[in-house]
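Please read it alongside the sequence and the model shown here.

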Amino acid sequence: GLWGALTALSPQDWEQRQEEDTLLIERILLLVRNVLHVPPDPTEEQGVDGDASVHDRVLWALHISGMDDLLKFLASAQVEQQWALHVLEIISLMFRDQSPEELAALGQGTAGAEHGEDTQELETLRQRELAEKRARALQRPSRHSRFGGSYVLQGLKSIGDRDVVFHKGLHNLKSYTHDLGKEPRRVPRHRQA
């Protein structure tokens with residue numbers, strides 16, 4: 001009976017669902033709501049510390065039976081909006097014993113611990129990478145740069161009334177000509193003087 005009604009919720013049966021099926025689904029949701037609505041009785045529940053309460057055991061039974069997945073499906077399916085208030089009430093009763101602060105702290109505690117471990121692992125990897133980079137830099141032979149600098153020769157004009165920019169070392173300045181760096185013009189042998 002119970003699972004037969006729940007299988008009527010499968011998406012392919014939306015059009016063929018009978019009115020009795022809809023009533024049965026509503027009755028099942030109300031039954032779950034009423035079971036979760038029963039208040040705790042401290043005189044009856046005198047167990048050992050850390051023992052699961054009756055409410056926790058009911059929640060575990062709902063989880064084992066797959067009812068929590070069904071509630072998620074009913075809450076998210078667009079065509080099942082008629083059950084939204086029933087599902088909302090059941091979910092609020094499921095979290096009845098927990099305060100929002102405890103639930104938020106629990107989620108942050110696990111996330112914070114994981115985040116701390118990830119941060120520590122990233123920092124370790126970063127330190128290792130820096131050490132490898134330093135070792136490679138020490139192994140690399142030192143090479144002198146061939147770039148000698150650029151200098152502006154004031155008073156010596158280039159094309160366009162600008163000062164000449166000299167890209168060689170200062171020791172080459174004495175032998176400076178405007179033809180420096182240009183290919184010498186080759187004269188054919190029969191035209192040579």
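## The segment after strand E2

His-167 lies in the segment that follows strand E2 (163-166), where helices (H or I, at least four residues) and strands (E, at least two) are DSSP runs numbered from the N terminus. The model is predicted, with local features requiring pLDDT of at least 70, side-chain atom pairs counted only at pLDDT 80 or more, and totals for chains, interfaces and linings using all residues. Residues are numbered from 1 along each chain as its sequence is written, and side-chain values use heavy atoms, with hydrogens and water left out.

With a relative accessible area of 54%, His-167 is exposed; the term means over 50%, whereas buried means under 20% and partly exposed is in between (1.4 Å probe, protein chains only). Leaving aside neighbours within four places in sequence, His-167 is in contact with Gly-149 and Ser-150, a contact being heavy atoms within 4.5 Å.

Two pairs of residues have the following C-alpha to C-alpha distances.

| Residue pair | Separation in sequence | C-alpha to C-alpha distance |
|---|---|---|
| His-167 and Val-152 | 15 residues | 8.8 Å |
| Pro-39 and Val-54 | 15 residues | 10.0 Å |

Pro-39 is located in the loop between H2 and H3 and is exposed, at 60% relative accessibility.

## The chain as a whole

The chain contains 6 helices and 2 strands, arranged along the sequence in the pattern α-α-α-α-α-α-β-β. Of its 193 residues, 18% are buried. The accessible surface of the chain is about 16200 Å², and carbon and sulfur atoms account for 55% of that surface; accessible areas come from the Shrake-Rupley method with a 1.4 Å probe, and for residues only the protein chains shown count as cover. Among contacts in the chain with a separation of 6 or more, 43% are between residues 24 or more positions apart.

## The nonpolar core and its surroundings

In soluble globular proteins, nonpolar side chains tend to be buried together. The largest nonpolar core here has 16 residues, of which Leu-29, Leu-36, Met-67, Leu-71 and Ile-90 touch the most other members. Such a core is a set of buried Ala, Val, Leu, Ile, Met, Phe, Trp, Tyr and Cys residues joined through side-chain atoms within 4.5 Å. Two or more residues of this core come from each of helix H2 (19-37), helix H3 (54-65), helix H4 (67-76) and helix H5 (84-94). The largest contribution is that of H2, with 5 residues.

Beyond its neighbours within four places in sequence, Leu-36 is in contact with His-55, Val-58, Leu-59, Leu-62, Ile-90, Leu-93, Met-94 and Arg-96. His-86, in helix H5, is buried, with a relative accessible area of 17%. Apart from neighbours within four places in sequence, His-86 is in contact with Glu-26, Leu-29 and Leu-30.

## A nonpolar surface patch

Ile-91, Phe-95 and Leu-103 form a nonpolar surface patch of about 240 Å². Patches are made of residues with over 30% relative accessible area and no salt bridge, with like charges joined within 9 Å and nonpolar side chains (Val, Leu, Ile, Met, Phe, Trp, Tyr) within 5 Å; a salt bridge is a side-chain nitrogen of Lys or Arg within 4 Å of a carboxyl oxygen of Asp or Glu. Leu-103 is part of helix H6 (residues 100-139) and counts as partly exposed, at 36% relative accessibility.
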